[in-house]
Amino acid sequence: MNHKIRGAVRVAVAALLLQALVGCALFPGMSFKRGKTEVPDSSKSDGYRNQRIPLIRIDAEAIRNQLDWRQAGSVPPSVPDFLNYKIGIGDILEIIVWGHPELTFPSSQAEQFGQPNGRTVKADGTIFFPFAGNIVVAGKTSNAVAEELSTKLSRVYRSPQVEVSIKGFRSQKVRITGTVGMPRTIPVTDVPLTLFEALGQSGGVNLEEASGYVHVWRDKSQFTFDLNSIIEHGGPGTRFVLQDGDTVYVPSNADDKIFLIGEISQKIVHMKKGKMSLNEAIAQAGGVNTGVANGGGIYVIRDLKRFGPDGEIYHNPVVYGLNMKSANSILLADQFQLASRDVVFVSTAPISRFNRIIRELLPTVNLLFQADVLSRQ
């Protein structure tokens, strides 16, 4: 019972916050300060840094930029040379000296049970081999190790022919997490592992539960691809080659929401497969009133936040504006694609008043996010 009461209180608080947001946006006596568009300092409760907020008009060029991004995806870095795989700690090597079976690592019980049998690279990056002693192999290719062993063994044997191959790839891995059938760690081998193959090896993706995007985190960089395009059409990102240390994350669609405030009735709509146009969101919310249609503006507020090396979140808000006076505004709204957790603000004021309203609106947007999180706890 106490759990139910706490849940009801949370929902009630969230509802009150939403009402407060709408009241702030619509109250007729609301005043705005003139001047540059800035956001309060991050030390305050809203978490945004002082910066100018850019306004990008929703026009043919903005639509074209969206299409270019969806077709190209994130630009992948140069593909590493997988044929020259660098041996690492934990890898298992098979070493054969032709014509000298006494030097070949003997079979063991482990191999009978399907376990790789060979010489495991120790924590210091070395292996031991008869008549060659301890040699450093970490960071070297199998060919380089074979040449070094051949040189050392030539002191004992005449023109030894050495072959080195990797039987167990254990030092390099990628992690697959999120809304996949089987989150797991996949070893990186001497065969390139693409993003599409990694998703398949992880049990695939349920497009009804996953968001519309997949993220690849590499060091301090993040690459984002259209998941639906990868799964359904073999689009950009399909051939993206993963590297050691990469983390692939497929987010859930639980957060694929669009928040609407201002001159519109419904306040939250849910995206389908991570996609929704501005037109679709407005239609699902019951449409806009006559005042907006007769010359108002529609703003899409998006936080292009990124994560710093210390884990700190850096907010980067940007605002897209659609002028409802434009004759082709409906066509543009139908082509403009929203992103998860966008905030759509519908105003009777013309888009030219952007600088006068955005300063007051951003703290409201942040409270809206907090109310949504509170209602889901």
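Predicted model: local features only at pLDDT ≥ 70, side-chain atom pairs only at ≥ 80, totals over all residues.
Trainee: Is H215 buried or exposed?
Mentor: H215 is found in strand β9, residues 213-218. Strands are DSSP runs of E with at least two residues, helices are runs of H or I with at least four, and both are numbered from the N terminus. Buried means under 20% relative accessible area, exposed over 50%, and partly exposed in between, with a 1.4 Å probe and protein chains only. H215 has 17% relative accessibility, so it counts as buried.

Trainee: Which side chain is joined to H215 by a polar contact of 3.0 Å?
Mentor: A polar contact is a pair of N or O atoms within 3.5 Å; within protein, one must be able to donate a hydrogen and the other to accept it, and residues adjacent in sequence count only if both atoms are side-chain atoms. The side chain of H215 makes one with the side chain of Q222, at 3.4 Å. At 3.0 Å, the partner is the side chain of T224.

Trainee: Which residue in β8 stands opposite K173?
Mentor: Strands β7 (residues 173-178) and β8 (residues 184-187) run antiparallel, joined by four bridges. Two strands pair if DSSP finds at least two bridges between them. A hairpin of five residues connects β7 to β8. Opposite K173 stands P187.

Trainee: How many residues apart in sequence are the parts that the pair F131 and Y157 ties together?
Mentor: The whole structure holds seven aromatic pairs, where rings of Phe, Tyr and Trp (its six-membered ring) pair if their centres lie within 6.5 Å, and planes under 30 degrees apart count as stacked, over 60 as edge-to-face and the rest as tilted. F131 and Y157 form an edge-to-face pair, 5.8 Å centre to centre with 80° between the planes. F131 lies in the loop between β4 and β5, and Y157 in the loop between α4 and β6, so the pair ties together parts that are apart in sequence by 26 residues.

Trainee: Which strand holds F345?
Mentor: Y299 and F345 form a stacked pair, 6.0 Å centre to centre and 20° between the planes. Y299 lies in strand β14 (residues 297-303), 46 residues away, and F345 in strand β18.

Definitions and conventions: Residues numbered from 1 in each chain as written. Heavy atoms only, no water.
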